[in-house]
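Please read it alongside the sequence.

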Amino acid sequence: MIGNFFNRMYNGNSNKSDYTKDDLPGNRWQLFFSMVKLNFGKLINVNLVFFIFLIPTVIWLSTNIQLIAGSIEAGDQTLAWSYFAMTAYGMLPCYLVMTFGLIPMTYITRNMARDENVWIWSDFKKSIKENWKQGLVLSLLNGLFTILAIIGSRFYDIMYQDGGNMVYFIGSTAVKVIGAVWALMNFYMWPMLVTYELKIKDIVKNSLVLCLGRLPYTLFMALFTLLVPVILALATNIWVYFVIFVLYVFLAFALNSMAINSVTNAIFDKHINSRIKGARINRGLRIEFDDDDDDEDEAGE
């Protein structure tokens, strides 16, 4: 009895459901909301663990945002851009630290979104053990792209303002677009990292194809992710800041990760898993069992 108690504390409780086939969700929306309800407590646990690895980022950004804002208010644009560049450089180690929270959060919320068993601490260790090397490479690339996007954009903007040549305007626009596309590719890279055994170049290539090929879904994930930060930016009431801060500490990151994984699970099923022999698709959905029944009927005939 005591052994089982400590085992549950270490591994967590599995997602055991009493669903019959007819009780299973019929679409992704139903699956998402039913899994949020089933895993609400675990989402809070996952979010709290991820937030620990996010603390260096929070401290670094909050400090430098104040410096940037102060420089802008003082009318010193050059100093503001210097702080902005310094912020980008400092994000590189922050990304690397964040990796060890982002990998397990993505892995666990992906499993939740597929109605699979979740064991918080053992899944945490497993996901990091299997993916930490490639995860650090992706984080390093994120840091480099952040630096290059900011410095490149600033360089072309200055050159355009000084000379007025349209080539510099096109260059600045191109750098911004490339940076934005790379940021959007992250919606696919991390779920792909914890789902498939792929080389980094294949993860990047496939993420680019899916990002642009399924652009409406990509933009939906971006809007969902940015909704609360936009509200925070527009808010003026201190209580709004407090509520949003509490929301992010306890739930928002994990909930957002689960929503993203719900979308990417569907996209992976349609464009990747359906082409892999023997791969399961539509996990957690009634249609998965309907397809199996149809296959059995055809085999019987």
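1. A salt bridge is taken here as a side-chain nitrogen of Lys or Arg within 4 Å of a carboxyl oxygen of Asp or Glu. By that criterion, aspartate 269 pairs with arginine 28, their closest N and O atoms lying 2.8 Å apart. Aspartate 269 belongs to helix H9 (residues 238-271) and arginine 28 to helix H2 (residues 28-38), so the bridge ties together parts 241 residues apart in sequence. Helices are DSSP runs (H or I, at least four residues), numbered from the N terminus.

2. The model is predicted: local features need pLDDT of at least 70, side-chain atom pairs count only at pLDDT 80 or more, and totals for chains, interfaces and linings use all residues. Residues are numbered from 1 along each chain as its sequence is written, and side-chain values use heavy atoms, with hydrogens and water left out.

3. Aspartate 269 is buried, at 9% relative accessible area, whereas arginine 28 is partly exposed at 21%. Buried means under 20% relative accessible area, exposed over 50%, and partly exposed in between (1.4 Å probe, protein chains only).

4. The whole structure holds 6 salt bridges. One of them joins arginine 283 to glutamate 116, with 2.5 Å between the closest N and O atoms. Arg114, Glu116 and Arg283 form a network of salt bridges.

5. Threonine 57 lies in helix H3 (residues 40-73) and is buried at 5% relative accessibility. Leaving aside residues up to four places away in sequence, threonine 57 touches Met91, Cys94 and Met98; contact means heavy atoms within 4.5 Å.

Note on methods. Helix = DSSP H or I, 4+ residues; strand = E, 2+ residues; numbered from the N terminus.
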